[in-house]
Each structure stands twice: as C-alpha cells, then as structure tokens.
Amino acid sequence: MTATARFATAVAHPNIAFIKYWGNRDDELRLPASSSLSMNLGSLYTRTTVQFDPSRQEDDLLLNGEPASPDQKHRVSEFLDLVRTMAAIQLKASVSSESNFPSGAGIASSSSAFAALALAACAAAGLQLEEPSLSRLARRGSGSAARSVPSGFVVWQAADLDDESFAVSIAPPEHWSLVDCIAIVNEGHKAVGSTEGHKLAATSPLQAARLAGAPQRLDFCQKAIMDRNFSSFADLVELDCHLMHAVMMTSRPPLQYWLPASLAIMDAVRTWRKAGLSVCYTLDAGPNVHVLCPASDAETLLARLQEIPGVIRVLRANPGGRARLLD
Ligand code: DP6
C-alpha cells in the first residue's frame, strides 16, 4: 500500500434469524454453539466508509454523524486490527457509518454494521476476499454479521474451527417474496447486549435441550423455505424464537427483552393466524417484533399492526441482497 489515504464504501443489510444464534462454543472467535438461518432485510441498510490514513494516530469512528462511545470505538479498532494483520499494514483508519433504522433494539444492527465494515475495510486495505472468507471475517466482529455477507436466505454453519464457520446463501432474495413487518415498540438501546447475552446462554438449564434440537429445526426450516411452505415455516420460526427466549429468561442472571406491547403483538398474530391470515412472528434480543407474512398479505398486516397500542411505527423489509461495495 502506498502512503496515500485509501478509502472504500460498502453497504450491507441487517438480517432476521428464523433459526437463532444464541451462545458460542468460543466467545473470542465467535464460533456459535449451533448453526442458524436468516433472511437479509432489503430496505434496511448500513453504509460504511473506511479510510486508512497515514496522518492518523488512532482510529476514529462516527455513527450516524456522531462520535461513537469508547466501547464502540474499541470494538471497531479490534476488528480493524484483524484486517491490518491480514493486509500487513499499520495505518489507522477513520470509519463513518450510517444506518437507516434504530440500532441496538433487536434489529440486529451489528449484523449489517460489521458486514459493511468488513467489506469496506478489506477494500480500503487492498484485500480481495472470496465470500466465505469475508463472512468469516465479519463473524469476528459480530456473529450475525457473517449472515449479512451472502445474499437472500442464508445459513451460517457452526464449526469447531475458525475457517469452517461461515455463512452461505441457500436461496436468492427473489426465491420467496416474504415480508418482514417490524413493529417498533421501543427505539432505545437494550440494557444487555447480545455479546454479554451469549456468555450467559450456557447458564440456562434449557440451553442443552435447545441446542439438541437445533440441527433438526434448521433442516426443517430450510425445507419449508425451499418449498415456500408458510404454515410449516411459521411453526418452526415461532418455536425457535420461544426456545431462545426461554433460555434467555432462565439464564443466570435472567434476561427479559419483551415489553407488554411485544406480548400484545404476539397475541394478535396468533389470533389473526387462527382466522386464516398467513402470519408469524419472531423477536431477537429486544422488544421489537418481526412479523412475517407473504407479500400478498403485507398491506393488511401493516395496517393492523399500526392499530395496536404501543406500536410506534412499523418498518417493512423484503428479502435483501449481499453486502456490496459502492463505486
Ligand atoms: C438474538 O450477532 O448480535 O439476534 O456476536 O455478540 O455481536 P455478537 O451477537 P449478535 O447476536 C445475535 C443474536 C440474535 C439471534 C440471531 O441473530 O441469530
């Protein structure tokens, strides 16, 4: 690399997990305890610019135009160290990142953030990685970011070795026109972040049972997606969500992410489904509810969700593509 500043900009979508990642077999390497399955969220994105700059003494991070907290800067600097080692450079970087959705509230903002950062930082450092290697690298920043690198519907394989745990696309976005209507009931940052939460998973007596059934749930969910079988998909997605939240609630200390409005939405979804609407829900580590349906039912669903007391607004996302460089 020359002594001049080098920069690149990348865009990545967050993803929603249908079969969840909760708990690591190796926290340092972010090797997950079980494989997971997700869909990228097309209308939501993080756009990140990285500039390696010979005149910088330390890394700098702007999030949505504001200086980031020391903890956020530290996490990004540690991640950039991985890229610097791979590229054999020592230059410090300025990073500027913007998202068009609330962060830290269960919309997996770290997934799009670290996928975009991985791609932009590699390009700025002159590295060209194949998709599996980029997914592995993004995983080191945030586990779910591994799944925001490939396109559409994605499986992230659990493995004991660093070079075997990456995500691959199982179907492109156009395979199934599912819609995720994200009912926002709280825009704030969650009290306990996922990184801390993963470390508590093994303290729940339910985690072993959750993990024992995870490979089968993933296989069945993948089949439901390939067959576009909504009713089987709905059963598996809600079961897997409940299992993860049962582990969260029974870990020591317990984690409880739901708000009264989250429960009201879950209740309404079950009622609508009984009445014939193709709809189901899932929640990540936060109170906002991802309500899934085929595109044909999305308008009806959006209107109904907006009526529920406590719903601040509803975001809508179709299946999204892979992380990509701009320019
Ligand atoms: C509940 O990927 O955010 O959203 O690796 O510590 O950054 P870190 O955790 P993160 O965990 C995501 C947890 C989840 C479920 C999922 O997305 O699979």
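Arginine 30 sits in the loop between β3 and β4 (31-32); helices (H or I, at least four residues) and strands (E, at least two) are DSSP runs, numbered from the N terminus. The model is predicted: local features need pLDDT of at least 70, side-chain atom pairs count only at pLDDT 80 or more, and totals for chains, interfaces and linings use all residues. Residues are numbered from 1 along each chain as its sequence is written, and side-chain values use heavy atoms, without hydrogens and water.

**Exercise 1. Examine the backbone at arginine 30 and at proline 253.**

Step 1. Take phi at arginine 30. It is positive, about 50 degrees, although the residue is not a glycine.

Step 2. Take the bond from arginine 252 to proline 253. It is cis, with omega near -5 degrees. Proline 253 belongs to the loop between α6 (230-249) and α7 (260-274).

Step 3. Most residues other than glycine have a negative phi, and most peptide bonds are trans.

**Exercise 2. Describe the contact between domain 1 and domain 2.**

Step 1. Domain 1 covers 6-174 and domain 2 covers 176-317; the bounds come from an automatic or database domain assignment.

Step 2. The C-alpha centres of the two domains are 23 Å apart.

Step 3. Count residues. Contact (heavy atoms within 4.5 Å) involves 37 residues of domain 1 and 48 residues of domain 2.

Step 4. Find the area. Buried area is the accessible area (1.4 Å probe) that two parts lose on being put together, summed over both. Here it is about 3,300 Å², and carbon and sulfur atoms give 66% of it. In domain 1, Phe18, Lys20 and Trp22 lose the most area to domain 2, together 27% of what that side buries.

**Exercise 3. Find the salt bridge between domain 1 and domain 2.**

Step 1. Apply the criterion: a side-chain nitrogen of Lys or Arg within 4 Å of a carboxyl oxygen of Asp or Glu.

Step 2. Search. The whole structure holds 15 salt bridges. Lysine 20, in the loop between β2 and β3 (24-26), and aspartate 284, in the loop between β13 (280-282) and β14 (289-294), are 264 residues apart.

Step 3. Check the distance. The closest N and O atoms of lysine 20 and aspartate 284 are 2.6 Å apart. The count between the domains is one salt bridge.

**Exercise 4. Which residues around the ligand come nearest, and what lies 3.4 Å from a ligand oxygen atom?**

Step 1. List the neighbours (a heavy atom within 4 Å). There are 17 residues around the ligand; Ser142, Gly143, Ser144, Arg147 and Thr195 come nearest.

Step 2. Look at side-chain N or O atoms. For serine 110, one is 3.3 Å from a ligand oxygen atom. For serine 194, the distance to a ligand oxygen atom is 3.3 Å.

Step 3. Return to aspartate 284. A polar side-chain atom of this residue lies 3.4 Å from a ligand oxygen atom.

Terms used: A polar contact is a pair of N or O atoms within 3.5 Å; within protein, one must be able to donate a hydrogen and the other to accept it, and residues adjacent in sequence count only if both atoms are side-chain atoms.
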